There are 2 protein chains.
Amino acid sequence: MPSAMRHGGRLVVIGGVAAGMSAASRARRLRPDIEIVAVEKGRDVSYGACSLPYFIGGVVRDRSDLIAYDADFFRRERQIDVRLSTEAVALDPRKRTVTLKSVDGAAEALAFDGLVIGTGARPARPPLPGIDMEGVFTLRTLADGESLKGAIDGGGVKNAVVIGGGYIGLEMAEAFAARGVTVTVLELLPNLLSTYDPEVSAIVEKELLRHGIIVHKGLRVEGFEPDASGRLGYVFAGGQRIPTDLALVSVGVRPNVELAKAAGIALGPTGAIKVDARQVTSEPSVLAAGDCCEAMHVVTRRPAWVPLGTTANKQGRVAGENAVGGAAQFGGIAGTNVTKVFELEVAGTGLSTEAARKEGLDPGSVQITASSRSHAYPGGSPITVRLIFERGGGRLLGGQMVGREGVAKRIDTVATALHAGMSVSQLSDIDMSYAPPFAPVWDPVLVAAGQAAHKARR
Amino acid sequence: MPSAMRHGGRLVVIGGVAAGMSAASRARRLRPDIEIVAVEKGRDVSYGACSLPYFIGGVVRDRSDLIAYDADFFRRERQIDVRLSTEAVALDPRKRTVTLKSVDGAAEALAFDGLVIGTGARPARPPLPGIDMEGVFTLRTLADGESLKGAIDGGGVKNAVVIGGGYIGLEMAEAFAARGVTVTVLELLPNLLSTYDPEVSAIVEKELLRHGIIVHKGLRVEGFEPDASGRLGYVFAGGQRIPTDLALVSVGVRPNVELAKAAGIALGPTGAIKVDARQVTSEPSVLAAGDCCEAMHVVTRRPAWVPLGTTANKQGRVAGENAVGGAAQFGGIAGTNVTKVFELEVAGTGLSTEAARKEGLDPGSVQITASSRSHAYPGGSPITVRLIFERGGGRLLGGQMVGREGVAKRIDTVATALHAGMSVSQLSDIDMSYAPPFAPVWDPVLVAAGQAAHKARR
């Protein structure tokens with residue numbers, strides 16, 4: 001760790017959203033004596049990017065609800081020198097200097113004793129004809145969310161096309177529908193939510209159709225075309241010309257690694273910044289955290305890139321601690337995620353069947369449907385649980401669930417079992433809670449794990 | 001295992017509720033060739049005893065909803081010779097005979113090749129003056145539930161006293177209140193729900209008071225007294241004379257071990273039947289399962305007696321398999337439980353602070369309150385998480401939670417961590433799910449585990 005930080009010094013954090021502000025805050029908590037500069041390219045820090053679909057859809061009413069703490073809070077309460085609308089354009093890890101450029105064009109070389117890169121990720125923008133046309137959006141930053149909301153608020157959006165059936169695409173389909181917009185989802189792959197097994201995606205797709213969303217799968221988007229007024233009028237996909245007032249491109253994200261790469265910092269096999277368990281990069285004075293870097297996957301025990309807000313916050317905290325002389329370790333990821341799709345809770349953790357095959361494993365799977373409550377107790381609804389396991393030994397590799405209640409946090413049981421390296425047989429032994437309003441006496445996870453254990457032995 | 005069962009033979013199961021019918025069904029599934037006799041003292045098999053408070057309270061409307069499968073189903077579909085209203089009065093493990101006595105007085109000696117004791121437990125009935133008076137109830141069997149419901153349905157019950165503030169007492173307080181009855185709960189100990197830490201019980205007590213339940217703690221019940229008509233009129237407790245129309249005695253249960261004990265089968269330190277991980281008793285031809293026997297506690301690694309329906313079903317399945325030559329193992333208990341108390345979900349697993357001290361451990365604890373949803377997303381409510389851990393190493397010992405949503409199944413994450421022998425630091429590393437409608441970015445369990453890890457190090 002940077003020895004200079006033992007007696008004061010300056011920590012620079014690049015990026016002011018989840019990872020960056022977690023790192024800066026953690027460092028401040030441990031070290032009241034050092035100088036901390038946090039540099040953010042955009043106009044806001046520490047906002048809840050995951051809440052943007054609910055802001056656009058009208059569930060979250062106030063812009064201020066999206067912001068946990070603003071820049072002034074960090075300046076005033078945590079003595080963090082937050083610099084908004086400022087970009088880090090060059091980094092020299094050996095000389096320990098970073099060059100900052102503010103929106104007004106002024107450049108400044110800043111010396112540092114420790115530095116945390118938390119530059120995040122940006123939406124992928126395939127080079128399609130017309131993608132820069134007015135009316136074609138991506139969603140990542142608070143500014144993106146505000147312009148998308150502005151477009152809907154302005155009226156005149158009757159039809160929207162969502163390109164990409166991942167979780168942001170589906171959350172936005174729901175948000176548009178809540179605003180009275182007719183929504184078409186276009187997915188290149190044969191199934192929505194491609195990190196899930198197709199059998200689970202199929203349940204989610206039914207829910208979308210039930211709510212009037214139009215879904216086209218296996219369709220490649222070819223470009224955008226203006227209407228008579230010069231604004232977006234059509235999306236071309238698979239030879240079809242789909243009339244639309246608005247298009248959202250949500251076909252994944254890419255890690256912002258340019259600063260690190262130009263500074264000679266090593267990237268990992270996923271293309272994101274390579275870090276060790278302490279979040280240190282290939283340059284000892286530079287740490288990285290969040291969507292710009294990799295993380296160890298607890299199932300594969302190899303670096304993976306699964307950009308999620310929870311990971312960014314945790315890694316940021318570890319990086320902030322270690323940048324000022326600590327020895328914290330990040331515990332790895334299972335890729336746990338949950339999404340609300342209309343009335344469904346959709347949750348997954350670990351590897352899908354396809355992901356497991358790509359890792360060279362021999363996965364088996366079981367899928368069961370059971371009630372969310374005791375059969376005697378009214379109001380229960382079906383929960384589908386799918387477990388993926390290694391044939392032979394029966395090691396648990398992943399789990400996926402869909403249902404109207406009791407799914408979002410039930411997945412954490414499977415995630416915990418993944419962290420512990422459990423077999424499906426061990427999972428089937430867990431003493432899980434039971435009371436008629438909340439579960440059947442055999443919890444759906446236990447039923448699935450029991451069947452998986454049986455199947456793994458064959 | 002009984003060698004005779006390798007080539008046909010007779011399995012006798014004593015007790016037809018959770019453990020017994022699970023054992024019989026499992027044995028039948030594995031062995032279509034053997035004879036299976038299931039003996040039940042009462043008039044019903046395989047009913048959901050945990051749903052009885054909801055039946056009495058009117059949430060579960062139909063008696064038939066309480067019964068998963070009736071005796072005829074087992075006879076017809078599973079070829080299990082179910083004998084209702086029949087008691088096993090004597091057992092000779094060496095000669096492999098059991099003496100059955102039916103309600104009409106006929107006795108029969110039945111030879112067996114394998115036998116599973118699933119005699120369950122019965123409510124404790126302290127020898128108080130007047131406890132056998134009309135109007136004083138206990139609740140355990142379906143018949144108990146029906147007579148209690150009959151008393152309420154008959155009208156005339158304006159006031160009820162619930163003796164014992166455990167989970168059945170509190171579920172019944174809610175059930176009575178739902179039927180328009182004024183309820184007083186009397187608890188001998190200084191706190192309700194004595195398997196929880198007092199700080200958590202206090203939250204539950206507030207919810208009871210908020211719903212008009214009268215709660216008296218630290219009050220010893222001295223007896224019952226009739227009114228002018230000769231029916232129950234008063235409960236005496238702590239020198240007070242409390243007028244009431246009905247009293248429910250729910251001061252715990254006792255294992256039904258008399259048959260086993262008289263047969264020379266060893267009891268364990270808890271007073272329940274001692275079994276190994278295969279559910280085999282001290283007599284190799286006799287297995288036991290459910291509320292009549294002990295189980296290995298995954299935290300203490302010692303035998304414990306925590307009678308719960310989930311355990312009974314799991315142990316029954318293991319016993320049924322092993323009684324016919326299998327080698328299944330029961331994975332132990334964490335004592336995981338959940339109860340609905342009006343609008344609260346109350347869940348616990350592992351050891352309380354007091355239980356940990358009784359085990360000779362040095363427990364520390366943390367308690368945090370966080371929101372059930374992201375602060376941006378509307379409708380969230382506070383979740384309180386309390387974790388108990390071992391000072392020094394920080395081994396997780398137990399967890400308790402209370403809140404209006406997201407508690408019942410969140411406890412399973414802690415239970416899974418207990419099964420895995422995790423430290424609070426390891427728990428704080430779990431990749432838990434996050435989306436604004438379902439959790440804050442730092443899940444309440446992670447917040448508590450992080451604080452516990454910090455505290456454990458000091």
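**A guided tour of the contact between chains A and B**

Begin by selecting A:Lys409 and B:Asp443, whose side chains form a salt bridge with 2.6 Å from N to O. The model on display is a predicted one. Between chain A and chain B there are two salt bridges in the count, and 20 residue pairs are in polar contact, both residues having pLDDT 80 or more.

Next, colour the elements of chain A that take part in this contact. Two or more residues of the side that touches chain B come from each of α8 (309–323), β21 (337–341) and α10 (411–419) of chain A. Among these, select α10(A): this helix gives seven residues, the largest share of that side of chain A. Colouring the side of chain A that touches chain B by residue class shows 29 nonpolar, 18 polar and 11 charged residues.

Now display the whole contact. Chain A brings 58 residues to it and chain B brings 58 residues. About 5100 Å² is buried between the two chains, with 63% of this area on carbon and sulfur atoms. Select A:Lys409, A:Asp431 and A:Phe438 together; these supply 15% of the area that chain A buries against chain B, more than any other three residues.

How is chain A laid on chain B? A turn of 180 degrees with a shift of 0.0 Å along the axis places chain A on chain B with an RMSD of 0.0 Å. The two copies are therefore related as by a two-fold rotation axis. To find this axis in the viewer, select A:Thr413, whose C-alpha is the nearest to the axis in chain A, at 2.2 Å. Of the interface residues of chain A, 100% are also interface residues in chain B, so the copies meet through the same surface.

The last stop is a set of paired strands in chain A. Select β13 (residues 221–226) and β14 (residues 232–237) of chain A, which run antiparallel and are joined by five bridges. Across this pair, A:Glu225 lies opposite A:Tyr234 of β14(A). The hairpin of β13(A) and β14(A) has five residues between the strands, and A:Gly230 adopts a positive phi near 95 degrees there.

A:Val235 has A:Ile242 in β15(A) as its bridge partner. Two residues lie between the strands in the hairpin of β14(A) and β15(A), where A:Gly238 has a positive phi near 55 degrees.

Definitions and conventions:
Residues are numbered from 1 along each chain as its sequence is written. Chains are lettered from A and ligands numbered from 1 in the order in which they are written. This is a predicted model: local features need pLDDT of at least 70, side-chain atom pairs count only at pLDDT 80 or more; totals for chains, interfaces and linings use all residues. Side-chain values use heavy atoms; hydrogens and water are left out. Copies are superposed by least squares on the C-alpha atoms of residues with pLDDT of at least 70 in both. Contact means heavy atoms within 4.5 Å. Buried area is the accessible area (1.4 Å probe) that two parts lose on being put together, summed over both. A salt bridge is a side-chain nitrogen of Lys or Arg within 4 Å of a carboxyl oxygen of Asp or Glu. A polar contact is a pair of N or O atoms within 3.5 Å; within protein, one must be able to donate a hydrogen and the other to accept it, and residues adjacent in sequence count only if both atoms are side-chain atoms. Helices (H or I, at least four residues) and strands (E, at least two) are DSSP runs, numbered from the N terminus. Ala, Val, Leu, Ile, Met, Phe, Trp, Tyr, Cys and Pro count as nonpolar, Asp, Glu, Lys and Arg as charged, and the others, Gly among them, as polar. Two strands pair if DSSP finds at least two bridges between them.
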